[in-house]
Amino acid sequence: MIPIIKQIVHCFSTAFFLRNFFIFCNYKSHIKSQHNHIRIQYFLCFTVETHFLIMTENGEEKLIAVARHIAKTLGHTDNAMADDILQIFSNFDGRLREKLNENLSGNDGGAALDQTLKNLDRRISRFITVDQPIWTDSADASSFLDAVDELVAVIRDWNAMADDKSVTSCLDRAEDLLQQCMFRLEEEFKLLIERGGVESSDYAAGGGGGGGYSDSDDEEDDGFDDVDIPVADLVSDYNITIDALPSGTIADLHEISKRMVAAGYGKECSLAYSTCRRDFLEESLSRLGFLGLQNSSKALEDDDNDVEIEKWIKAINMAVRVFYPSERRLCDRVFGYSSATAAAADLAFMDICRVSTKELLNFANGIAMGSRAPERLFKILDVYEAVKDLSPEFELLFSDQYCLFLRNEAMGVWKRLAESIRGIFMELENLIRRDPAKSAVPGGGLHPITRYVMNYLRAACSRPTLEQVFDDNLDPSQSSSSSPLSLQISWIMEVLETNLESKSKIYRDPALSSVFMMNNFRYIVKKAKNDELGSLLGDDWIRKQTAKVRQHHLNYQRTSWHKILNTLKLDNSNLSSNLASRSLKDKLKQFNSQFEEICRTQSTWVIFDEQLRDELKVSVAGNLVPAYRNFLGRFHNLQDIGKYADKHVKFTIEEVEARIDDLFQGTAVASGGRK
């Protein structure tokens with residue numbers, strides 16, 4: 001049995017030997033019988049012999065330390081068994097007798113650990129004191145990492161005996177040495193990132209190149225010092241991933257990060273990594289024209305500048321769609337995908353993105369917190385839509401414990417932008433309500449506020465995002481067949497209608513007041529019909545507004561032409577020829593005067609809509625011309641007038657029609673003129 005086991009054990013390393021002993025120690029409570037004592041002898045004999053066959057530089061010291069640890073551990077429950085273990089080692093090889101006797105006589109494992117640390121210190125010191133970067137030579141890098149691994153293993157293995165004063169003293173030295181190693185690894189880590197960033201020149205998108213890096217200086221640099229920060233070139237396709245570092249550099253960084261995390265320096269490694277990569281992000285964003293906090297005062301002053309908003313939109317899209325996913329991927333490759341390194345990777349990624357994300361969101365927040373003047377709506381909508389479109393990326397990228405606050409901040413900015421948009425519509429209501437009725441629009445034309453509100457609402461409703469802004473604020477307890485946006489628009493139209501009615505009362509002439517209302521309501525219907533605005537307001541609303549236009553049309557006819565039509569009415573009473581002649585002459589004289597005045601006045605009035613203007617003219621002519629023709633026929637039939645009729649008739653039928661056709665030809669301007 002033993003020869004077979006020996007052949008198998010010959011294939012194992014010293015590390016496996018040590019691990020076998022510690023596994024063996026975990027079963028100390030079960031080793032009590034003589035039978036088990038014999039098993040211990042067999043186990044120790046073949047492992048010791050194997051150890052000497054594969055002895056490393058400090059393997060003997062390790063063996064002694066392990067033997068004493070086993071003995072001491074077992075000795076807590078069975079002193080006799082501990083003595084047997086040490087005696088077996090001592091009897092097995094004379095070279096161990098003296099050292100084990102020292103341990104048995106009271107000199108603990110501190111001496112063995114001390115010797116091990118001296119050997120490690122000698123090996124490590126030549127690396128941590130050298131001036132040039134260790135990773136310029138792959139063999140040196142490998143040797144340094146091996147030494148670090150051994151140091152970490154020694155600290156881990158001997159921590160179980162930390163209650164021994166001599167061991168504690170040695171462990172303190174080991175921790176100091178480990179700290180020096182970590183400082184040097186951190187320095188090498190940063191240098192590799194800087195060097196790798198300069199050497200990297202390709203983008204990768206699904207395995208293919210898609211761009212490159214640019215340095216701010218074209219001069220070559222063979223060293224690690226004074227390295228310019230590389231920045232990403234501009235791209236038009238966001239479906240791309242940046243390979244910011246060469247694969248070889250990433251592999252080296254991974255080996256370093258693995259050691260630092262294992263040694264308990266994961267946070268330091270994360271911060272070292274994020275510091276270097278954060279510079280890349282800031283430089284790349286500045287190339288897009290977004291200067292962040294470097295130009296914060298100017299950003300606040302120019303936050304409504306279309307150019308600044310356009311730069312911001314490009315910057316946040318590049319950051320969230322390209323830069324951040326690429327950095328997330330790079331973090332995972334550098335720190336690894338294991339659960340042990342996940343926290344370090346998440347912390348590094350958060351610290352890389354934190355500053356640039358907050359600067360980008362601060363700009364959007366400044367837009368949201370600005371004034372709620374209606375003209376700012378479309379700028380705020382642009383910013384809102386940019387944040388909304390990126391919300392899935394924010395959810396995906398910033399889902400870990402460290403980045404959660406960034407995701408929450410992005411969602412908070414999004415909500416504040418929506419509140420600002422809804423607030424602008426409330427401000428629009430107030431603007432319409434406060435618009436004074438001081439001066440009338442000349443000729444009863446279209447009021448500027450009608451033109452402004454309708455064009456504003458039409459442009460606003462063409463943005464599909466607007467309806468979502470109002471839907472997100474819907475109160476579940478309130479039920480309505482209409483959407484929140486349609487209710488808001490309908491309310492604004494009511495406020496506008498009320499404002500126009502108050503303005504129409506400024507006109508002294510009721511007919512002109514009706515023309516004013518016709519013009520404005522016709523414009524409202526025309527702008528809303530066959531448009532997204534009309535879809536929100538509904539067909540019933542449009543029909544009601546069209547009916548109001550017809551009503552104002554009838555009011556115009558009544559107040560403007562009713563009197564003159566009454567003048568042309570013929571008296572059917574049996575009057576004498578002289579009395580009838582005199583009555584018709586008076587009526588014709590009144591008609592001439594009234595018609596002349598109406599035509600002179602209303603030729604300066606305005607009907608902006610050509611179709612409405614033609615409808616009014618046809619309507620006026622249809623009522624007036626037949627009545628006038630009938631009147632003239634009666635007038636010509638009078639015997640005592642007969643041949644003198646043309647002397648009293650000022651307007652022929654054709655002239656009346658021509659004068660009616662000249663009505664509403666004014667070009668009114670909103671600032672002054674006849675009411």
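Reply: The secondary structure of the protein chain comes to 26 helices and two strands. Keep in mind that this is a predicted model. Of the 675 residues in the chain, 48% count as buried.

Me: Let's start with S326. Why is S326 called buried?

Reply: The cut-off for buried is under 20% relative accessible area. S326 has 5% relative accessibility, so S326 counts as buried. As for its place, S326 is in helix α13, which covers residues 306–335.

Me: And which residues does S326 touch, leaving aside those up to four places away in sequence?

Reply: S326 touches I240, T241 and I242.

Me: On to the helix pair. What makes α17 and α19 roughly antiparallel?

Reply: Two packed helices are described by the angle between their axes and the distance between the axes. Here, the axes of α17 (residues 448–461) and α19 (residues 484–504) come within 11 Å and cross at roughly 170 degrees. Angles over 145 degrees count as roughly antiparallel. Therefore α17 and α19 are roughly antiparallel to each other.

Me: Which residues of α17 and α19 meet?

Reply: From α17 you have I449, T450, V453, M454, L457 and C461, and they meet I489, I492, M493, L496, N499 and L500 of α19. Sorted by class, this contact has 10 nonpolar residues, two polar and no charged ones.

Me: What makes the link between the side chains of E497 and K548 a polar contact?

Reply: The limit is 3.5 Å between N or O atoms. The side chains of E497 and K548 are joined at 2.5 Å, and that is listed as a polar contact. Besides K548, E497 touches F521 and Q545, not counting residues up to four places away in sequence.

Me: How far apart are E497 and N520 in sequence and in space?

Reply: They are 23 residues apart in sequence and 9.2 Å apart in space, C-alpha to C-alpha. For the chain as a whole, take contacts with a separation of 6 or more: residues 24 or more positions apart account for 80% of them.

Note on methods:
Residues numbered from 1 in each chain as written. Predicted model: local features only at pLDDT ≥ 70, side-chain atom pairs only at ≥ 80, totals over all residues. Heavy atoms only, no water. Helix = DSSP H or I, 4+ residues; strand = E, 2+ residues; numbered from the N terminus. Buried < 20%, exposed > 50% of the residue type's maximum accessible area, 1.4 Å probe, protein only. Contact = heavy atoms within 4.5 Å. Axes fitted to C-alpha atoms, helices over the stretch in contact; angles between N-to-C directions. Parallel < 35°, antiparallel > 145°, perpendicular 65-115°, else oblique. Nonpolar A, V, L, I, M, F, W, Y, C, P; charged D, E, K, R; others polar. Polar contact = N/O pair within 3.5 Å; in protein donor to acceptor, adjacent residues only side chain to side chain.
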